[in-house]
Amino acid sequence: MTGYGKAEGISGERKITAEVRSLNSKQFDLSVKSPSMYRAADNEMRAIVSQSLLRGKIDLYINCESSDGAAPVRINGRVFAAYHRQIEEIAAGCGIPVAEDGAGLVSAILRLPDVVENNAESLGEEEKTVLLGTVRAAVEALNGFRESEGSILMADILDRVGRIEAAVNEVEPYEAERVETVKGRIRENIEKAQLSCDENRLEQELIYYIEKLDVTEEKVRLRNHCDYFRQVAASEEAAGKKLGFIAQEMGREINTLGSKANHAGIQKIVVGMKDELEKIKEQLLNIL
């Protein structure tokens, strides 16, 4: 969901610039910074952004420049000089030198009332239309950036989903080997303990134990989750959250598969699947 968009518009002698930046976030968080004269259109600007950008930490910056170079604010020299004269008189009477910190004095005077005057006019309908159109164009530019990046990310994510499916197939050759290993280990332990047991009952217990280690259901569900992931990615817009939920379900099946593995080869495959899944989850944060 990271992206950047910029657009410019002209209204009379003013050039309006809109910049939109977005970062990853599970929620929608919008911050708008604009000149005070545009505050009247704040709600409309927020509506434009929220309708198009559903998630992310969004920053909208609005800047206005006059074509004649005139600043939207003016320093009142007469008031500034009056403040400066009074400060010097008071400082001299108190024996405080003010010439040593000229920059600090200027900064302090500029913060005093009526020194800086705002020359900005109220927002007219024509300029408001240009302003909102510029915001829309900036949002469209950001969406274009997102779509370009998103197609690359989704291709990488689906490739990793395919790797997980391929890893599921790699588990199967180890399953028969695992069963024989478990049987042999149990019989070996019985012989070491020099215990006598009923062979029929032993076979029943072995079957029960091996059934608890069976991972067929986990493999089937994991493959189904992978198929569903592809379907949602191909057919739904703004599916980032939904794909995240599917990835969580994939993780549950992989974890269960690992807990039932009881085989070093299968555990190694499970670790590889977990690694791919974590990368998928990281990339999904960039999908709207």
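We go through the strands, then the cores.

Tutor: Some ground rules come before that. This is a predicted model, in which local features need pLDDT of at least 70 and side-chain atom pairs count only at pLDDT 80 or more, while totals for chains, interfaces and linings use all residues. Residues are numbered from 1 along each chain as its sequence is written, and side-chain values use heavy atoms, with hydrogens and water left out.

Student: How many bridges join β1 to β2, and in which sense do they run?

Tutor: Strands (E, at least two residues) and helices (H or I, at least four) are DSSP runs numbered from the N terminus, and two strands pair if DSSP finds at least two bridges between them. Here β1 (residues 3-11) and β2 run antiparallel, joined by nine bridges. E8, for example, stands opposite T17 in β2. The hairpin of these strands has two residues between them, and G12 there takes a positive phi near 65°.

Student: In which sense do β2 and β4 pair?

Tutor: β2 (residues 14-23) pairs with β4 (residues 56-66) in the antiparallel sense, over 10 bridges. In β4, C64 stands opposite I16 and E65 opposite K15. In a regular strand the side chains alternate between the two faces of the sheet.

Student: Why is β2 called largely enclosed?

Tutor: Buried means under 20% relative accessible area, exposed over 50% and partly exposed in between, with a 1.4 Å probe and protein chains only. Because seven of the 10 residues of β2 are buried, the rest of the structure largely encloses this strand.

Student: Which strand does β3 join?

Tutor: β3 (residues 28-33) runs parallel to β4, with six bridges between them. K33 stands opposite Y61 in β4.

Student: And the cores: which residues have the most contacts inside the largest one?

Tutor: A nonpolar core is a set of buried Ala, Val, Leu, Ile, Met, Phe, Trp, Tyr and Cys residues joined through side-chain atoms within 4.5 Å. The largest has 29 residues, and I164, L222, F229, L243, M250, M273 and L284 have the most contacts inside it. Two or more residues come from each of α4 (125-192), α6 (216-235), α7 (240-261) and α8 (264-284); α4 gives the most, with eight. Apart from this core lies another, of 24 residues, including I58 and V135.
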